[in-house]
Amino acid sequence: MSKSVVDIIPRAIDADAMPVALLQVDRRRRVLAINADAENMLGLSRHLVCEKSLTEILYHDSPLFDLLDRVEETSARISAPAIRLKGPRFDVREQRITVSPMPAGGFSIVCLDSAQSDQSSSDAPELAAFGRILGHEVKNPLAGISGAAQLLNRKAREDQEELLELIMSESRRIERIVNDLSAFELFSSPRCQPCNVHEVLERVLRSEEAVYGGQIRFHRLFDPSLPSLNADADHLHEAFQNLVRNGAEAILSDKPVGEVKVLTRFEIDRRRRHVSGGPSTRSIKVEITDNGPGITPRDRDKIFNMFHSTKQTGSGLGLTVASQVIAAHDGAIELESEPGTTRFKVFLPIAGPL
């Protein structure tokens with residue numbers, strides 16, 4: 001199965017066999033190492049690049065500097081879906097770039113051609129088989145669940161109707177997702193239309209409240225003045241549900257009760273103009289915070305990797321799906337964690353000029 005860019009954050013740069021361009025720079029943005037693919041991408045040898053400052057290699061207004069500034073401020077790994085690298089001696093077409101802080105200081109920079117990134121996400125033979133199995137094994141019992149809920153709803157008491165409607169609504173949403181997976185969409189091709197982020201979040205939280213009962217308190221800290229997004233509501237639902245459920249499960253792995261806070265806010269960040277690849281500097285920020293045990297620095301570097309899970313029974317797919325959904329919407333996702341608090345920050349760009 002092909003690797004996504006988040007699977008290839010290096011611990012050492014002896015990585016000429018890696019199918020991505022890879023650089024390491026120190027805190028002063030001086031190049032420490034570069035692999036063969038990066039040499040080919042830039043058209044510069046490592047002998048010319050190493051020990052030089054990035055400002056000697058890239059133009060000063062390069063969006064890569066904005067990305068490095070944000071990683072330095074947050075100590076979190078950040079990806080940008082489309083950054084064009086330009087310098088006095090090269091002009092590289094758009095790359096999907098992931099910048100990660102290194103434990104010893106400095107940054108690792110992974111560059112993957114945007115077209116190659118889209119193509120590598122398909123994993124065609126494995127996903128073809130997976131889609132066929134999913135369509136057969138999930139859709140049939142799902143139809144039974146939905147049908148049973150409809151029959152029960154005819155004779156339901158008033159206090160039961162809301163939960164039965166939730167079952168039917170979630171069944172319809174799962175069916176749509178299964179259809180997308182069967183068609184190999186895999187969240188990389190959102191069907192965007194006007195979407196209210198609070199309606200999505202409210203459905204997520206109602207669903208999680210039904211699952212976790214009185215064990216987890218879910219707090220809504222919504223800004224009602226936020227505008228609509230141009231987004232795929234089903235895909236965002238899947239991303240936010242994975243993030244909220246990740247927090248709830250982390251809490252219950254450590255203690256019997258806890259709380260998850262979901263905050264929305266309007267954000268203006270002029271540095272994000274280059275990172276998002278568009279003219280807009282406006283974003284809707286969604287913060288999901290839990291008071292679980294926190295994520296260790298070792299796991300933090302791998303948390304979005306496919307099949308990586310800190311839970312014994314976890315599949316390691318939920319956070320990968322969340323990151324893919326946000327990236328497909330030209331957004332960004334950041335992680336902050338310390339003992340007792342974990343916070344995911346999701347930034348979704350608002351289309352149009354400021």
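User: In this predicted model, how closely do the axes of helix α8 and helix α9 approach, and at what angle do they cross?

Analyst: In general, two packed helices are described by the angle between their axes and by the distance between those axes. Here the axes of α8 (residues 197-212) and α9 (residues 233-252) come within 9 Å, and they cross at roughly 40 degrees. The two helices are therefore oblique to each other, and their crossing is right-handed.

User: Which residues of α8 and α9 meet?

Analyst: On the α8 side they include Val200, Leu201, Val204 and Tyr212, while the α9 side includes Leu236, Phe240, Val244 and Leu252. Sorted by class, this contact has 13 nonpolar, three polar and four charged residues.

User: How should I read the sheet, and in what order do its strands stand?

Analyst: Strands of a sheet pair through backbone hydrogen bonds, either parallel or antiparallel. In this model five strands form an open sheet with mixed pairing, in the order β7-β9-β10-β12-β11. At the edges stand β7 (216-221) and β11 (332-338), each with a single partner strand, so one side of each has no neighbour in the sheet. From one strand to the next, the twist averages 15 degrees.

User: In what sense do β7 and β9 pair, parallel or antiparallel?

Analyst: β7 and β9 (residues 258-268) pair in the parallel sense over six bridges, and His219 stands opposite Lys261 in β9.

User: Which strands do α9 and α12 lie across?

Analyst: Helix α9 lies across β7, β9, β10, β11 and β12, running at about 140 degrees to β9, whereas helix α12 (residues 318-328) lies across β11 and β12, running at about 25 degrees to β12.

Notes. Residues are numbered from 1 along each chain as its sequence is written. This is a predicted model: local features need pLDDT of at least 70, side-chain atom pairs count only at pLDDT 80 or more; totals for chains, interfaces and linings use all residues. Side-chain values use heavy atoms; hydrogens and water are left out. Axes are lines fitted to C-alpha atoms, for helices over the stretch in contact, and angles run from 0 to 180 degrees between N-to-C directions. Helices (H or I, at least four residues) and strands (E, at least two) are DSSP runs, numbered from the N terminus. Angles under 35 degrees count as roughly parallel, over 145 as roughly antiparallel, 65 to 115 as roughly perpendicular and the rest as oblique. A crossing is left-handed if the near helix is turned anticlockwise from the far one by less than a right angle, and right-handed if clockwise. Contact means heavy atoms within 4.5 Å. Ala, Val, Leu, Ile, Met, Phe, Trp, Tyr, Cys and Pro count as nonpolar, Asp, Glu, Lys and Arg as charged, and the others, Gly among them, as polar. Two strands pair if DSSP finds at least two bridges between them.
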